[in-house]
Amino acid sequence: MKVYILIGLVVLLQACWPTNVGFKDGSVPPEWEYFFVDVLENNAPNAPISYSPKLTEELKDAIQNRLGVKLAPNANSEAQFTVTGKITDYAVSPVAILDNNTAAKNRLTISTAFEVFIEETKEKEEEVITFTSVRFVDYDSNQDLGTIQEDLFIEINDQIIQDVLNKLTANW
């Protein structure tokens, strides 16, 4: 009798066991195998020169790792979608003003604009998605921006990249 219960339990668990386990953030159309990300333009006069290529590489890594789409060698190859964009603003402004007109905190704000060109398929014509992402992080005004800038970039870049991934996976 115990054997029948054990066999029944194994069959029941096997039927409920997931057939596919993955670590993707969202879903993209199954025909999306390849993508291309053009180096983001740096149109923000105050942004460090190294910021644009850094954000571009982090965006490429996130799309590959979280969406499971492969990087195409160039835009003219087999990319199903291409991401282009630019950094439009990089600003530091005071927030949390104290009684003596000094700021207790400063805010680093980075604005970006993106265009995603989705290749024409049998079901749809070529589509272009245009959107912006404005993200910020606050830090103590007694800290030197140059010494904490990389940490602030990590936080802001994560938010910008999540905005891009959300747009790519929306409506699919």
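These legends describe an overall view and several close-ups of one predicted protein model.

**View 1. Overall fold of the predicted model.** The protein has 3 helices and 6 strands. From the N terminus on, the elements follow the order α-β-β-α-β-β-β-β-α. The protein counts 172 residues, and 35% of them are buried. Take the contacts between residues at least 6 apart in sequence: 69% of these join residues at least 24 apart.

**View 2. Packing of helix α2 on helix α3.** Helix α2 spans residues 51-67, and helix α3 spans residues 145-169. The two helices pack at an angle of about 50°, and their axes lie 10 Å apart. Because angles of 65 to 115 degrees count as roughly perpendicular and those under 35 as roughly parallel, α2 is therefore oblique to α3. The crossing of α2 past α3 is right-handed.

**View 3. Residues at the contact of α2 with α3.** From α2, the contact draws on Tyr51, Lys54, Leu55, Glu58, Leu59, Ala62, Ile63, Arg66 and Leu67. From α3 come Glu150, Phe153, Ile156, Asn157, Ile160, Ile161, Gln162, Val164, Leu165, Leu168 and Thr169. Sorted by class, the contact has 13 nonpolar residues, 3 polar residues and 4 charged residues. Among the charged residues are Lys54 and Glu58 of α2.

**View 4. Lysine 105 in strand β5.** Strand β5 covers residues 103-118 and includes lysine 105. Lysine 105 has 32% relative accessibility, so this residue counts as partly exposed. Its side chain makes a polar contact of 3.0 Å with the side chain of aspartate 140. Beyond its neighbours within four places in sequence, lysine 105 touches Pro94, Val95 and Ala96, and also Asp138, Tyr139, Asp140 and Ser141. Serine 93 lies 12 residues away along the chain; its C-alpha atom is 8.8 Å from that of lysine 105.

**View 5. Threonine 82 in strand β4.** Threonine 82 belongs to strand β4, residues 81-97. Its relative accessibility is 13%, so threonine 82 counts as buried. Setting aside neighbours within four places in sequence, the contacts of threonine 82 are Phe36, Glu115, Val116 and Phe117. Glu115, Val116 and Phe117 fall within strand β5, residues 103-118.

Conventions:
Residues numbered from 1 in each chain as written. Predicted model: local features only at pLDDT ≥ 70, side-chain atom pairs only at ≥ 80, totals over all residues. Heavy atoms only, no water. Axes fitted to C-alpha atoms, helices over the stretch in contact; angles between N-to-C directions. Helix = DSSP H or I, 4+ residues; strand = E, 2+ residues; numbered from the N terminus. Parallel < 35°, antiparallel > 145°, perpendicular 65-115°, else oblique. Left-handed = near helix turned anticlockwise from the far one by under 90°. Contact = heavy atoms within 4.5 Å. Buried < 20%, exposed > 50% of the residue type's maximum accessible area, 1.4 Å probe, protein only. Polar contact = N/O pair within 3.5 Å; in protein donor to acceptor, adjacent residues only side chain to side chain.
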